[in-house]
Amino acid sequence: MDGRRVIVAEDDVLVREGITVLLNRFGHRVVAAVGDADALVDAVREHTPDVVVTDVRMPPTLTDEGLQAAIRLRRADPGLPILVLSQYVEQTYAAELLETARPGTAGIGYLLKDRIGDVAEFVEALDRVAAGHTVVDPEVVRQMLVRRRDPLARLTPREREVLGLMAEGRSNAAIARTLVVTEAAVAKHIGSLLAKLDLPPDEDDHRRVRAVLAYLKG
């Protein structure tokens, strides 16, 4: 696989340099590494990257400048894949970001920064986003499930597993490999769980993930 041209936006110099070194080592090329949201927007205009990696919290207020910059960039260019990193699970942030996912748009992702420590998992998530998939951190999904126990009470343990993997942006084939079952079994579980949640089945990964997350956030 050819390396992708990446822009990294992170105000912590050590984290920014660490991500840069990591991605370069895996064959990607970091064309710009910046420390604030305005610099991120400028860098995207200058370099037209294949994918953007940005922190949620950026100067000057260290609240959600990075997230808002990502949303602005997506609205200006729906074909730009963006992976957003967050220190903590922020359900509202994840939902706001995923609202930019529409059929035919580029991939979008929301990961906790802890995932950077698992190098292979982090790079795989970046590659999935760059390839057009929607990726949601497993911990975000887990906390959403915990907060919305009642509507999910009808799901079997296996259907919960499938739901979590769906929300991570996994295809039916990838879910089948993970659970060591057939794709036909996965399709059956998906049809069953969506019916139990009063959500219509849909083969589009973006719409599928957005529908599940919309239901979970209430």
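Student: How many salt bridges does the rule count here?
Tutor: First, this is a predicted model: local features need pLDDT of at least 70, side-chain atom pairs count only at pLDDT 80 or more, and totals for chains, interfaces and linings use all residues. Residues are numbered from 1 along each chain as its sequence is written, and side-chain values use heavy atoms, leaving out hydrogens and water. The rule for a salt bridge asks for a side-chain nitrogen of Lys or Arg within 4 Å of a carboxyl oxygen of Asp or Glu. By that rule, the count comes to ten.

Student: Let's take Asp42 and Arg45. How far apart are their closest N and O atoms?
Tutor: Both sit in helix α2, three residues apart, so about one helical turn separates them (helices are DSSP runs of H or I with at least four residues, strands are runs of E with at least two, numbered from the N terminus). Asp42 is partly exposed at 45% relative accessibility, while Arg45 is exposed at 64% (buried is under 20% relative accessible area, exposed over 50%, partly exposed in between, with a 1.4 Å probe and protein chains only). In their salt bridge, the closest N and O atoms are apart by 3.7 Å.

Student: Which residue forms a salt bridge with Arg115?
Tutor: The closest N and O atoms of this pair are 2.8 Å apart. It links distant parts of the chain, 22 residues apart: Arg115 is in the loop between β5 and α5, and its partner is in the loop between β6 and α6. That partner is buried, at 0% relative accessibility: Asp137.

Student: And which residue pairs with Glu159 in a salt bridge?
Tutor: The N–O distance there is 2.9 Å. Glu159 lies in helix α7 and its partner in helix α9, so the pair ties together parts 37 residues apart in sequence.

Student: Which residues do salt bridges with shared partners join into one network?
Tutor: One member is Asp55, in strand β3, buried with a relative accessible area of 4%. Not counting residues up to four places away, Asp55 touches, among others, Ala9, Asp11 and Leu85 (contact means heavy atoms within 4.5 Å). The network consists of Glu10, Asp55 and Lys113.

Student: What modified residue does UniProt list at Asp55?
Tutor: The record is an unreviewed entry. UniProt positions follow the numbering used here, feature names are shortened, and annotations may be inferred rather than shown by experiment. With that caveat, the record gives 4-aspartylphosphate.

Student: Which strands are the edges of the sheet?
Tutor: Six strands form an open sheet in the order β2-β1-β3-β4-β5-β6, with parallel pairing (strands pair if DSSP finds at least two bridges between them). Each edge strand pairs on one side only, and the edges are β2 and β6.

Student: What is the bridge partner of Ile7 in β2?
Tutor: Strands β1 and β2 run parallel and are joined by five bridges. For Ile7, the partner in β2 is Ala32.

Student: How far is Val51 from Asp127 in space, C-alpha to C-alpha?
Tutor: Val51 is in strand β3 and, at 0% relative accessibility, is buried. Beyond its neighbours within four places, its contacts include Ile7, Pro81 and Leu126. Asp127 is 76 residues away in sequence, but the C-alpha distance is 9.1 Å.
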